[in-house]
Amino acid sequence: MAGKRSALRWLTVIATGCALLAAGAAATADPSASDWSRLRQCESSGRYSTNTGNGYYGAYQFDLPTWRSVGGTGSPHQASPAEQDHRALYLYRMRGWQPWECAGKLGLRADADARSKRVPTYAESAYIGGGGSPAPPSGGGAPPWPGVVYSYGDCSPALVAWQLRMNAYGYDFQGTGCYYAETQAAVLALQRANGINDSGKLGPKTWRAAWYGARPRQ
């Protein structure tokens, strides 16, 4: 009997441990895509281009100071859906549901990632589903050049696709959409590998070389 009681105790310990692990895994998950969809519908009827002139913009109704506090550039309603999704998850991890009045109305519950201060990657925010990943088309073709020559200090959502494409060559861009030192180094390396004037400016030739040119040396 003693052996049976001992075995039962071990089974109880194992079962309890598994339950705690499962609870911990659930607690660290970000809100579901369904929760984000409900939030967008309440905030903006799900429209990413919303600008009613009330000082709040886009699907998640960012005001400009809040948008910039999580790395957003330009106006939220002019950013791509994937960019808005990313900044919304970023804000959630900084402040939980607190910035959104609709979250309270909908009864959305925060989890362990709320206020975790962990900056998300674009891959982590892609699940939200409003805009999908900002990465290039799956067929490998280059998205159209946006018609702007970018240089150091410029920020634009259009730069995200180029930055993420360069990760195929061993870079580690997070897709900020801002042209700083890492982007400049990648631009120059790509230009030199492909016989493009190494001006450090990201124009149409350098844009297309990220998809169709020679591999740069880092």
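Which cysteine forms a disulfide with cysteine 42? The partner is cysteine 102, and the two sulfur atoms are 2.0 Å apart. The model is predicted, so local features are reported only at pLDDT of at least 70 and side-chain atom pairs only at pLDDT 80 or more, while totals for chains, interfaces and linings use all residues. Residues are numbered from 1 along each chain as its sequence is written, and side-chain values use heavy atoms, with hydrogens and water left out.

The chain contains 9 helices and 0 strands, where helices (H or I, at least four residues) and strands (E, at least two) are DSSP runs numbered from the N terminus. Its pattern along the sequence is α-α-α-α-α-α-α-α-α. Of the 218 residues in the chain, 39% are buried; buried means under 20% relative accessible area, exposed means over 50%, and partly exposed lies in between (1.4 Å probe, protein chains only).

A disulfide is counted where two cysteine sulfur atoms lie within 2.5 Å, and by this rule there are 2 disulfides. Cysteine 42 is partly exposed at 32% relative accessibility, whereas cysteine 102 is buried at 6%.

The other disulfide joins cysteine 155 to cysteine 178, with an S to S distance of 2.1 Å. Here too the pair links distant parts of the chain: cysteine 155 is in the loop between α6 (122-125) and α7 (159-166), and cysteine 178 is in the loop between α7 and α8 (181-193), 23 residues apart. The torsion about the S-S bond of cysteine 155 and cysteine 178 is about 115°, so this disulfide is right-handed. Cysteine 155 is partly exposed, at 31% relative accessibility, and cysteine 178 is buried, at 10%. With bonded cysteines counted along the chain, the disulfides follow the pattern 1-2, 3-4.

The aromatic rings come next. Rings of Phe, Tyr and Trp (its six-membered ring) pair if their centres lie within 6.5 Å; planes under 30 degrees apart count as stacked, over 60 as edge-to-face and the rest as tilted. The count is 12 aromatic pairs. One of them is edge-to-face and is formed by tyrosine 152 and tyrosine 180, at 5.9 Å centre to centre and 65° between the planes. Tyrosine 152 lies in the loop between α6 and α7 and tyrosine 180 in the loop between α7 and α8, 28 residues apart, so the pair links distant parts of the chain. Both residues are partly exposed, tyrosine 152 at 49% relative accessible area and tyrosine 180 at 41%.

Tryptophan 207 and tryptophan 211 form a tilted pair, 5.7 Å centre to centre with 35° between the planes. Both residues lie in helix α9 (residues 204-212), 4 residues apart, which is about one turn of the helix. Tryptophan 207 is buried, with a relative accessible area of 2%, and tryptophan 211 is buried at 7%.

Ring pairs also link Trp36, Tyr48, Tyr60, Tyr92, Trp97 and Trp100 into a cluster. The largest nonpolar core has 22 residues, of which Trp36, Leu39, Tyr60, Phe62, Tyr92, Trp97 and Trp100 touch the most other members. A nonpolar core is a set of buried Ala, Val, Leu, Ile, Met, Phe, Trp, Tyr and Cys residues joined through side-chain atoms within 4.5 Å. The elements that give two or more residues to this core are α2, α4 (81-95) and α5, and α4 gives the largest share, 6 residues.

Some of these names return in the largest pocket, which has a volume of about 200 Å³. On a 1 Å grid over the protein atoms alone, a pocket is an open set of points where a 1.4 Å probe fits, with protein on both sides within 12 Å along at least five of seven lines; lining residues have an atom within 4 Å of a point. Of its 13 lining residues, Tyr56, Tyr60, Gln61, Pro99 and Trp100 are the closest to the centre.

Definitions and conventions:
Grid points are joined across faces, edges and corners, and a volume is the space filled by probe spheres set on the points.
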